[in-house]
Amino acid sequence: MLETVSTIVLILMSLSILVCFIRVLIGPTMSDRVVALDTIGINLIGFAGVIMIVQQTLAYAEVALVIAILAFIGSVALAKFIEGGVVLDRDRD
Amino acid sequence: MAFQILLNIGIAFLWILLRNDFTVIDFLVGYFIGFIMLFVLRGLLNFEFYGRRVYAFFKLIVLFIYKLILANIDVIKIVLSPKMDIRPGIIAVPTDLDTEWEITLLATMISLTPGTLSMNFSENGKTIYVHFIHIEDKDEAIKEIHDSFEKAILEVTK
Amino acid sequence: MTEIVISILILIGGGLSLLGAIGIIRFPDVYGRLHAATKSATLGVISIILGVFIFFYFIEGIFAGKLLLTILFVFLTAPVAGFMISKSAYNVGVKLWDKSLQDDLGEHIKQLDRKEKQKS
């Protein structure tokens, strides 16, 4: 039973990543693309989680954690980049 | 409050020494016993019991999870409605919270609850600019944020 | 019994992720899309990871703390990322939807500009 459900959920996640990718392609502004890329990152965490159930291994736990960190850092860096072009600034205002 | 937690951990260690073996379960049992002892002796030792804050914190988390589930039902309804009948807008929400810590917590919780997304702060940190997905009544919306989250956060910190 | 709970949790997670993606396509402006991204996608992933945690704890008998850490991390970072993106989008000048009712932040920024002009 769990195998069937995992397959269904994997298909759902793939569909949602595909839909987000359409938004990345057509997004009228840069911000739309950043939002869609952020959502793709979050969906990838869930993807890794379901693959852990399918293969019955804990090996991907670190993968999920690292994807979470990279997706967060990536969206914040992109947001700061489209705002002013400066990603690493020292003074806190 | 820090002193009370230290006292509580001390009682837990005493319990471990009495039990003669060291496991995490024993530590938790000892901590629980210390918690009850502090609760019983709160009048004698002349301090405010910190369990009240723990209780308020758990109440905040339960409220938060409840609102998070409501938020998702809300978004799903809008996403699946055939005509997008929404009136979005940005509203300035004034807040009474003082420290940066509390305001950050409030902004985070606003972001994850029904139809609201915090966007920016004013310079003195007394106003949060919130994007609403559907405004029915402006004053009602501000009042709801004040009544639910601000009150719960104040109960934890004050 | 445990399998049913896990199945329900990960099905809810997959459905919420798909609904969030549909929201990203359907909402008319950036800010509406952020609503879908920060709420639906976050709760969907949290629900899936919770299902995986229950799977390893009750069926395999392993306490996987890293998964709980992932839940906490997603919880903490999703609103911050949404906040950063919306702030930068507003500063760059991405317009609100035509049907938007009011814009307090725009008035606030106009007031600040006026004050600066008076000073100089």
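**Exercise 1. How many salt bridges are counted between chain B and chain C?**

A word on the model before the solution: it is predicted, so local features need pLDDT of at least 70 and side-chain atom pairs pLDDT 80 or more, while totals for chains, interfaces and linings use all residues. Residues are numbered from 1 along each chain as its sequence is written, chains are lettered from A in the order written, and side-chain values use heavy atoms, without hydrogens and water.

Step 1. Look for a side-chain nitrogen of Lys or Arg within 4 Å of a carboxyl oxygen of Asp or Glu. The count between the two chains is 0.

Step 2. Turn to contacts (heavy atoms within 4.5 Å): 39 residues of chain B and 33 residues of chain C take part.

Step 3. Work out the buried area (accessible area, 1.4 Å probe, lost by two parts on being put together, summed over both). For chains B and C this is about 3,300 Å², with 70% from carbon and sulfur atoms. On the chain B side, Val79(B), Ile90(B) and Met119(B) lose the most area, together 18% of what that side buries.

**Exercise 2. Describe the transmembrane annotation of chain A.**

Step 1. The unreviewed UniProt entry annotates residues 6–26, 35–54 and 60–82 of chain A as "transmembrane region"; such annotations may be inferred rather than shown by experiment.

Step 2. Compare with the DSSP runs (helices H or I, at least four residues; strands E, at least two). Residues 6–26 of chain A are 100% helix and 0% strand, with end C-alpha atoms 31 Å apart. Residues 60–82 of chain A are 96% helix and 0% strand, and their end C-alpha atoms lie 32 Å apart.
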